[in-house]
Amino acid sequence: MAELAFGICGLVTGFGGLICATVVAFRNKKKDDVSDGQNIGMLHTDIGYIKKGIDGIEHRLEKQENQYIDVVTQLAEVKGDIKRHSKRIDKLESYHDPKLTGGN
């Protein structure tokens, strides 16, 4: 009879241990899932900040490219103006220079 009592006590202890282990495993899995969810959320947030930063850099770069194009366009116009004015100055100098006009 004592052996039966020990056997039953062993079975109850075994099932109790199995139940406790199962409860602890589910609880830890839930904690891990919450922790993983928080980590994934943080990663998504970080990626969002990085994307926003890159978008800002691209916007500023595009703005600088447009300014560069404007400067190059203005430089080309100034270069043409200088060339045109230089020809006018050369004409005026040749008109007023007695050596070039054959004057005294």
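Reader: Hi! I clicked on V12 to get started. Where is V12 found?

Author: Hi! V12 is found in helix 1, which covers residues 2-96. One thing to keep in mind as we go is that this is a predicted model.

Reader: Good to know. Is V12 buried or exposed?

Author: V12 is exposed, because its relative accessible area is 56%, and the cut-off for exposed is over 50%.

Reader: Okay, zooming out. How many helices and strands does the protein have?

Author: There are two helices and zero strands. The radius of gyration is 44 Å, well over the 13 Å that the globule rule gives for 104 residues, so the protein is more spread out than a compact globule.

Reader: What box do the C-alpha atoms fill?

Author: Along the principal axes, the C-alpha atoms fill a box of roughly 150 × 15 × 10 Å.

Reader: And what share of the residues counts as buried?

Author: That share is 0% of the 104 residues. To count as buried, a residue needs a relative accessible area under 20%.

Reader: What about the total surface, and how much of it belongs to carbon and sulfur atoms?

Author: The accessible surface is about 9,900 Å², and carbon and sulfur atoms account for 65% of it.

Reader: One more, please. What separates N66 and T45?

Author: N66 and T45 are 21 residues apart in sequence and 32 Å apart in space, again C-alpha to C-alpha. N66 is found in helix 1 and is partly exposed, at 42% relative accessibility.

Reader: Switching to charges. How many salt bridges does a search of the whole structure find?

Author: The search finds two salt bridges. One of them joins the side chains of D55 and K51, at 3.9 Å from N to O.

Reader: Where do D55 and K51 lie in the helix?

Author: Both lie in helix 1, four residues apart, which is about one turn of the helix.

Reader: Are D55 and K51 exposed or partly exposed?

Author: D55 counts as partly exposed, at 38% relative accessibility, whereas K51 is exposed, with a relative accessible area of 53%.

Reader: And which side chains meet in a salt bridge at 2.7 Å?

Author: Those are R84 and D81, with the 2.7 Å taken from N to O. Because R84 and D81 are three residues apart in helix 1, about one helical turn separates them.

Reader: How accessible are R84 and D81?

Author: R84 is partly exposed, with a relative accessible area of 48%. D81 is partly exposed as well, at 31%.

Reader: I also noticed some lysines on the surface. Which ones gather in a patch of positive charge?

Author: That patch of positive charge is formed by K79, K83, K87 and K91. K91 lies in helix 1, and at 63% relative accessibility K91 counts as exposed.

Reader: Last one! How many positive and negative charges are there, and how far apart are their mean positions?

Author: The protein has 15 positive and 15 negative charges, and their mean positions are 6 Å apart.

Reader: Thanks, that helps a lot!

Author: You're welcome!

Definitions and conventions:
Residues numbered from 1 in each chain as written. Predicted model: local features only at pLDDT ≥ 70, side-chain atom pairs only at ≥ 80, totals over all residues. Heavy atoms only, no water. Buried < 20%, exposed > 50% of the residue type's maximum accessible area, 1.4 Å probe, protein only. Salt bridge = Lys/Arg side-chain N within 4 Å of Asp/Glu carboxyl O. Rg over C-alpha atoms; globule rule 2.2 N^0.38 Å. Areas by Shrake-Rupley, 256 points an atom, 1.4 Å probe, with all protein chains shown as cover. Lys, Arg positive; Asp, Glu negative; His and termini not counted. Charge placed at Lys NZ, Arg CZ, Asp CG, Glu CD. Patch = residues over 30% accessible without salt bridge, like charges linked within 9 Å, V, L, I, M, F, W, Y side chains within 5 Å.
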